[in-house]
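Please read the points below with the structure open beside the text. They begin with individual residues and then turn to strands and to the chain as a whole.

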Amino acid sequence: MKKFLLFFILLFCYANSEAQSIPPPLDLNEPVMTFDSLTQNFCDVKPGTQVLENFYFKNTGKSPLIITGARGSGGTVADYPKEPIAPGNKGVIVIRFCTDGKMGLQDKTTTIESNNRDGNIVLHIKGNITTGPFALIRFDSTSISFGKVEQGTLIVKEFHFTNAGKANLIIRNVVFGHGANYAEWPKNEIPPGESGVIKITQTTSDRTGPLSKSIDIQSNSENGSVQLQLTGWVYAVQYMKFDSTTYHFEKVKQGEYVRLEIPFTNTGTTPIQITDCVTACGCDVAEAPREPIPPGGKGVIKYLLNTDARRGVQHKQIIIRYNNDQVVVLNIIGEVTPPYKPD
């Protein structure tokens, strides 16, 4: 009987321990923080260098991701998004590491605390603090202007550089500010004295006005991260297209009214807002749509000429201003004859 009772006690304890070891089922609706990489290597740097590393991530879950904190080790400081990251959206965590007073191989960690389904995530930055020799990246120019371009233009510019140092140059990453960009750079080591090119592609479909883009070049150069500038102006593509800019009306007798409806189309990529529609004298008036005309949309300019005090060939103008800095001039031509007098 005792053996039988002992068997049941052992069986109960084993079943209970097995039940406790089974992990709870995953909640498929929770946020999931997915990084491109959990480790960044900053190679060789000299003491006192400010190391900056970017860790890109995406919320691959089904609810907003909220980062609540970042705990760094040994001189690391992390900047992270303070607003929730919606499902499918991306973000970046920037880790700064001050090498003052440090020497030799380094492996620093930063723990990211959030409501991530899988708990906290540990990021690593690794590298070597040494007295050299070092590579030295030197650009022909760190700022390039692309001038004025039409919205939607794809800007491609090249920044030429030389390794003016005494060790092989390794470009690890090219980091942009916000906006759609693409970069190409040498993936091989650049020996001392040799040159290379960093090609930057900038899109302009989502912006107008002045554009100033900062580009950080992260490498093992002695001067640390180098910042490049791409600047210029993007003007909106806005076209108010008429079938013609000259319109003729039939001969009319003095005292009759001339009425015209002149259609136009917005053939640009942004809405047209007409800000002014005027004529040259008080005997004629023009009226334009007040609401914005969307891309591909159509509108009508209405024109009225009072001929009571007019006679002979008439040449009138309608001056239209839209989107503040665009102007189109329409010409209205016709003849006013004397009124009919019966014999």
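1. Cys277 counts as buried because its relative accessibility is 16%, and the cut-off for a buried residue is under 20%. The coordinates come from a predicted model, and this should be kept in mind throughout.

2. Cys283 is likewise buried, because its relative accessible area of 17% falls under the 20% limit. As for cysteine pairing, a search of the whole structure returns 0 disulfides.

3. Which strand pairs with β21? Strand β21, residues 274-279, pairs with strand β24, residues 312-322, in the antiparallel sense, and 5 bridges join them. Within this pairing, Asp276 lies opposite Arg321 of β24.

4. Strand β24 also pairs in the antiparallel sense with strand β25, residues 326-337, over 11 bridges. Here Arg321 has Val327 of β25 as its bridge partner. Arg321 can therefore be followed from Asp276 across to Val327, while in a regular strand the side chains alternate between the two faces of the sheet.

5. For the chain overall, the secondary structure amounts to 1 helix and 25 strands. Of the 343 residues, 39% are buried. Among contacts with a separation of 6 or more, 67% involve residues 24 or more positions apart.

6. The accessible surface of the protein chain is about 19500 Å². Carbon and sulfur atoms contribute 53% of that surface.

Notes. Residues numbered from 1 in each chain as written. Predicted model: local features only at pLDDT ≥ 70, side-chain atom pairs only at ≥ 80, totals over all residues. Heavy atoms only, no water. Pairing = 2+ DSSP bridges. Helix = DSSP H or I, 4+ residues; strand = E, 2+ residues; numbered from the N terminus. Disulfide = S-S within 2.5 Å. Buried < 20%, exposed > 50% of the residue type's maximum accessible area, 1.4 Å probe, protein only. Contact = heavy atoms within 4.5 Å. Areas by Shrake-Rupley, 256 points an atom, 1.4 Å probe, with all protein chains shown as cover.
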